[in-house]
Amino acid sequence: MSAENTRNRYQAAGQGHLFTFWSKLTDAEQEALTRQLDGIDVERVNRVYNKATSSESKTADPGSVADSIEPLPAGASESVSADPAKATEWKQIGLRAIANGQVGVLLMAGGQGTRLGSSAPKGCYDIEAEFGKPKGSVVVPWYVMTSGPTRRETELFFSKNNYFGLDLKNVIVFEQGTLPCLTMEGKIMLETTSHVSVAPDGNGGLYAATRAPLSPSDKSRTVLTDLAHRRIQYVHAYCVDNCLVKVADPVFLGYCIARQADCAAKVVPKTSPTESVGVVARRGDKFSVVEYSEITKEQAEARNSETGQLSFNAGNIANHFYTTAFLQSVESFEDELAYHIARKKISTIDLQTGEVIKPSKPNGMKLELFVFDVFPFTKGFSVFEVVRKEEFSPLKNAPGTGSDDPDTSRRDLLDQHRRFLENAGARLKEGVEIELSPLVTYAGEGLESVKGETFSRSGYVGTVEELDALL
């Protein structure tokens, strides 16, 4: 598109101010700005802003009637530990889907390790656990969503580790999208006189990102077209900051397939009424994730009269199932999704002087979509409750914090592996720590040979045979 056509399009969208300094830019700067603007769907940006602000105004209006917030209805959720026979059945269904090449996994790895005291992407942070290399002939493609700041380091990390033994063609790295930063009035902000200020569009940006070209040289290939080409029917998506994730969990997959779910969420029971975690619940007649700040003290403390559990008990852990058909359908209702507004202090260019403004108070907004914002639009949503100590150990804080930090993540992983060995009939002497490669066991199976053994040495085990050295 020519620069003149681009200018006309932005003027028609009410964003012509981005050309304020055009006459003062070098040819290279004009080319760079035009290229960036051509890559932005300015009409969509305006729609996103209008939807976000109108939704926020409606929520804040004391005269508007908000949808009631209710606990999950009976039958919407089942627990992995409630019925072992059912869990076995679900596992077999999931394993068949994996064996038939119908399953892909999607890793959300766009976050940076800033809160961990690290400049590296979260997914590259070392909690001092070892890695195993996979083996076998079943192919489960791995779609890794990065962001602008994390993509290069993530790709270098994979390359340095030889893709952990995976075939390069089955590791598809793609990038979370961005949206321009906006003034409070919805005007796109300039970072410099020749560059628009942008920010990641939240982990819910994965839906639009699956439609974006994987390579500038091949605009036709996207995550969605790759899923279709491979005939993938089911996708397991999870966040990078949980070392206990059961990747491509056959029990979860089988549960969702048996329930004919188009979207589902794993949850863990809340530790207390005041735990600061969003819960999967009902907002009106739709499934939703309700933030802890949105429910009253009475609701948070209410208990189910039959089970004695908290009524709002389904803690969201960002661990989801989708059918490929559902992922393909998101575009049809995307304009109905209300982005969340984060008002921030954003450095920008003064349109009168061309000088950089470094504000002392919020002067603009970043717009984000959350991965769970699609839940109200599902036709067959299901909830799967799992055991926290077996499946959820988030990494969010710097070392030494004592909660959700590298030390607790490593501890939780080693505690789980201790349970695997003890449940198989082994005994570990006090202070002994054994880490089991995923090649040794996925969820505690295949350890029959350790029955009656006592382990007296700590270490990492890459094969079952290596356990003998730790006796």
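Two strands pair if DSSP finds at least two bridges between them. Helices (H or I, at least four residues) and strands (E, at least two) are DSSP runs, numbered from the N terminus. The model is a predicted one, in which local features need pLDDT of at least 70 and side-chain atom pairs count only at pLDDT 80 or more, while totals for chains, interfaces and linings use all residues. Residues are numbered from 1 along each chain as its sequence is written, and side-chain values use heavy atoms, with hydrogens and water left out.

**Stop 1: an open sheet**

Select strands E7, E19 and E16. They form an open sheet of 3 strands in the order E7-E19-E16, with antiparallel pairing. E7 (182–183) and E16 (340–344) are the edge strands, each pairing on one side only. Now look at E7 beside E19 (residues 364–368): the two run antiparallel and are joined by 2 bridges. Thr183 has Gly364 in E19 as its bridge partner.

**Stop 2**

Select E4 (residues 142–146) together with E5. These strands run parallel, joined by 5 bridges. Within this pair, Tyr143 stands opposite Ile172 in E5, and Met145 has Phe174 in E5 as its bridge partner.

How many of the residues of E4 are buried? Buried means under 20% relative accessible area, exposed over 50% and partly exposed in between (1.4 Å probe, protein chains only). In E4 the count is 5 of the 5 residues, so this strand is largely enclosed by the rest of the structure. In a regular strand the side chains alternate between the two faces of the sheet. From E4, Trp142, Val144 and Thr146 point one way and Tyr143 and Met145 the other way, and all are buried. E5 (residues 171–175) is mostly covered, with 4 of its 5 residues buried.

**Stop 3**

Select Asn162 and Phe164. Asn162 is in the loop between helix H5 (151–160) and E5, and Phe164 lies in the loop between H5 and E5. Most residues other than glycine have a negative phi, and most peptide bonds are trans. Asn162, although not a glycine, has a positive phi of about 50°. Phe164, also a residue other than glycine, has a positive phi near 50°. Is Phe164 buried or exposed? At 13% relative accessibility, Phe164 counts as buried.

**Stop 4: helices H1 and H2**

Two packed helices are described by the angle between their axes and the distance between the axes. Axes are lines fitted to C-alpha atoms, for helices over the stretch in contact, and angles run from 0 to 180 degrees between N-to-C directions. Select H1 (residues 3–12) and H2 (residues 27–38), which pack at an angle of about 50° with their axes 10 Å apart. That makes H1 oblique to H2 (under 35 degrees counts as roughly parallel, over 145 as roughly antiparallel, 65 to 115 as roughly perpendicular and the rest as oblique). In H1, Ala3, Thr6, Arg9 and Tyr10 meet Thr34, Leu37 and Asp38 in H2, where contact means heavy atoms within 4.5 Å. The residues of this contact of H1 with H2 divide into 3 nonpolar, 2 polar and 2 charged (Ala, Val, Leu, Ile, Met, Phe, Trp, Tyr, Cys and Pro count as nonpolar, Asp, Glu, Lys and Arg as charged, and the others, Gly among them, as polar).

**Stop 5: helices H7 and H10**

Select H7 and H10, which pack at an angle of about 150° with their axes 11 Å apart. They are therefore roughly antiparallel to each other. Leu224, Leu227 and Ala228 in H7 meet Thr324, Leu327 and Gln328 in H10. The residues of this contact of H7 with H10 divide into 4 nonpolar, 2 polar and no charged.

Keep H10 (residues 324–333) selected: Thr324, Phe326, Leu327, Val330 and Phe333 are its buried residues. Their cover includes helix H6 (206–209), helix H7 (223–230) and strands E11 (234–239), E12 (263–269) and E15 (314–323).

**Stop 6: Gly284**

Select Gly284, in the loop between strand E13 (279–283) and strand E14 (286–290). Gly284 counts as partly exposed, at 30% relative accessibility. Leaving aside neighbours within four places in sequence, Gly284 is in contact with Asp67 and Ser68.
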